[in-house]
Amino acid sequence: MSVTPAAALDAFIRGLPKAELHLHIEGTLEPELVFALARRNGMPLAHASVAALRNAYRFSDLQSFLDVYYAGCAVLSKPEDFFDLTMAYLERAHADGVVHAEIFFDPQTHLAHGVPFSDVMAGITDALRQGEREWGLTTRLIMCFLRHLDEAGAHEVLALARPYREQIAAVGLDSAERDHPPAKFARVFAAARALGWPAVAHAGEEGPAAYIWEALRLLSVCRIDHGVACEDDPALMQHLRATRVPLTVCPLSNVSLGVVSDLRHHNLKRLLQYGLCVTVNSDDPAYFGGYIAENYRACAEALDLDREDLLQLARNSIDASFLAAPDKAAWHAQIARYADQPGPACPARRA
Ligand code: ADE
Ligand code: ZN
C-alpha cells in the first residue's frame, strides 16, 4: 500500500517528540464531554445536541470565544469532572507525540461556580499522575490569573494556591487582553515570585507589542504566550532573539479568533527564521479545530515548513519548557535520533 504525502507528513509529526506549552485544560472540553458531564451532574444545557453546541463554536475575536468558553466551564463541578477532562486531553496529547505538557488552569472560573480550589486540584493532579504512569507523559501545572478581574481576586487565588507549591510549577495570566495590561498585575506577580513561582503571561495576542515589553519588565515572565504582535516592534524582536525568551504560538487559535485572517499569512515561519525561540501549541483545541499535531500539520502545509523547521519547533518546545537540564538533554538526543532515522520521511517540502 502506498503512503500519501499527507499521511507521511502526519506520521512524521506524530512521531516527533515534542512538548506542548500552551494548553488551557478548560479549552479541551469537547462538546461530547460537555453533554456527558451535564447529564452526570443533572445540569440543563442551552444547546439541544452535541452538533448544535459544536456549531456555536464560531468566533469573531477573543471575547466572543471567552463568552462560550466560560459558559462551558459550568459543567465542571466535581473532582471526577476535572479528572475526566484532563485524562481525555492527555490521551490525545500522547497520540500526537507529546512527551511533556505544561497545562494552564483557571481556578477563578471554577471558584465563581462554587467549586473549591482543592476539588479542582485533586481532579487534575490525579489525572496527571495517571497519565505519567500510563504513557510516561510528564507535565507541569500553571495557574492562571484572569486579567478581566481585579488584582485583589488574583491575590485571593494566590493565597489558596500556597499549600500547593509542589503541584503548581508557575503562574500565568490569561483572558481578555485588550484594556487589561500586564501592569495591572505587577504586585501579584511579585508576590508569586517571592513565593518561588516563575511566571509566564499571555501578551501580544490581541494586545500590542507594548504589552509584551510590560510582561517582560513588570511581571518578569520567562516565556510569552502568543506574542505574535512582537513583529510590530523591531527592538522587541532583537531583544527576544538575544534573550531567547520563548513564544508559545498557537496558529489555529490565531486564525479562529481573527488574530490573522488566514494561516498562510501567519508570521510563525518568519519568527522562526529570524531566530526566535517559537513553539507551536494548541491553546484551546476543542474550540479551534485541532490538537497539537494538527497545528503542526496545518502550518507545514500553509507555510511550507520543511523537515528542519519541524525539528526546530520540537527542539524549541523542549528548550522553552520547565524541564530540568538533564531531561532536556535526553529529549534533544531523542529528537536527534528521530531526525537521523530513514522514515517516515517528512514530505512537507519535497527536497
Ligand atoms: N483563555 C483561554 N484561551 C485563551 C486565549 N487564547 N487568550 C487568552 N485567554 C485565554
Ligand atoms: Zn491561551
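Ser175 places a backbone N or O atom 2.8 Å from a nitrogen atom of ligand 1. Such a polar contact is a pair of N or O atoms within 3.5 Å. The protein covers 100% of the 260 Å² of accessible area that ligand 1 has on its own (Shrake-Rupley method, 1.4 Å probe). This is a predicted model: local features need pLDDT of at least 70, side-chain atom pairs count only at pLDDT 80 or more, and totals for chains, interfaces and linings use all residues. Residues are numbered from 1 along each chain as its sequence is written, ligands are numbered from 1 in the order in which they are written, and side-chain values use heavy atoms, without hydrogens and water.

**Ligand 1**
- Glu205 has a polar side-chain atom 2.7 Å from a nitrogen atom of ligand 1.
- In His226, a side-chain N or O atom is 3.5 Å from a nitrogen atom of ligand 1.
- The residues around ligand 1 include Leu62, Phe65, Leu66 and Tyr69 (a heavy atom within 4 Å).

**Zinc ion (ligand 2)**
- His22 (NE2), His24 (NE2), His202 (NE2) and Asp283 (OD) are the protein donors, 2.0 to 2.3 Å from the zinc ion.
- Donors here are N, O and S atoms within 2.8 Å of the metal (3.2 Å for Na, K and Ca); water is not among the atoms, so sites may look incomplete.
- Their sequence spacing is H-x1-H-x177-H-x80-D.
- His22 and His24 are both buried (under 20% relative accessible area, 1.4 Å probe, protein chains only).

Terms used
Buried means under 20% relative accessible area, exposed over 50%, partly exposed in between (1.4 Å probe, protein chains only). A polar contact is a pair of N or O atoms within 3.5 Å; within protein, one must be able to donate a hydrogen and the other to accept it, and residues adjacent in sequence count only if both atoms are side-chain atoms.
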